[in-house]
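Here's a quick tour of one predicted model, with an eye on its pocket. Have the structure open as you read.

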Amino acid sequence: MDPEAARTAQESLELAFHMSNILDTGLDRHTLSILISLSDLGVNPEALAAVVKELRRETSPSPQMHAAPSSTA
């Protein structure tokens, strides 16, 4: 990759990362870079978003449901 193209790619990633932070997506630069690359290769952005949401859902700690002991008098 020529230096000008590398600089432009880096600037684009920084801009996308800044927008990502404003939108509070929680994506780091590396993940965002992968998503952008996949999008550039023609992967549907809505499908990518669905995968990210699904992965977050699977890896987020599930709320623990503790049943309160019932006291009978």
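## What counts as a pocket

On a 1 Å grid over the protein atoms alone, a pocket is an open set of points where a 1.4 Å probe fits, with protein on both sides within 12 Å along at least five of seven lines; a residue counts as lining if it has an atom within 4 Å of a point.

## Ground rules

This is a predicted model, where local features need pLDDT of at least 70, side-chain atom pairs count only at pLDDT 80 or more, and totals for chains, interfaces and linings use all residues. Numbering runs from 1 along each chain as its sequence is written, and side-chain values use heavy atoms, leaving out hydrogens and water.

## The fold

The protein chain has 3 helices and 0 strands, where helices are DSSP runs of H or I with at least four residues and strands are E runs of at least two, numbered from the N terminus. Of its 73 residues, 12% are buried, meaning under 20% relative accessible area with a 1.4 Å probe, protein chains only.

## The largest pocket

Which residues line the largest pocket? They are Thr-25, Leu-27, Leu-32, Leu-35, Ile-36, Ser-39, Pro-45, Leu-48, Ala-49, Val-52, Lys-53 and Arg-56. Helix α3 (45–59) gives the largest share, 6 residues, and α2 (29–40) supplies at least two.

## Ser-20

Ser-20 sits in helix α1 (residues 3–22) and is buried, at 5% relative accessible area. Beyond its neighbours within four places in sequence, Ser-20 is in contact (heavy atoms within 4.5 Å) with Thr-25, Leu-27 and Leu-32.

Technical notes. Buried means under 20% relative accessible area, exposed over 50%, partly exposed in between (1.4 Å probe, protein chains only).
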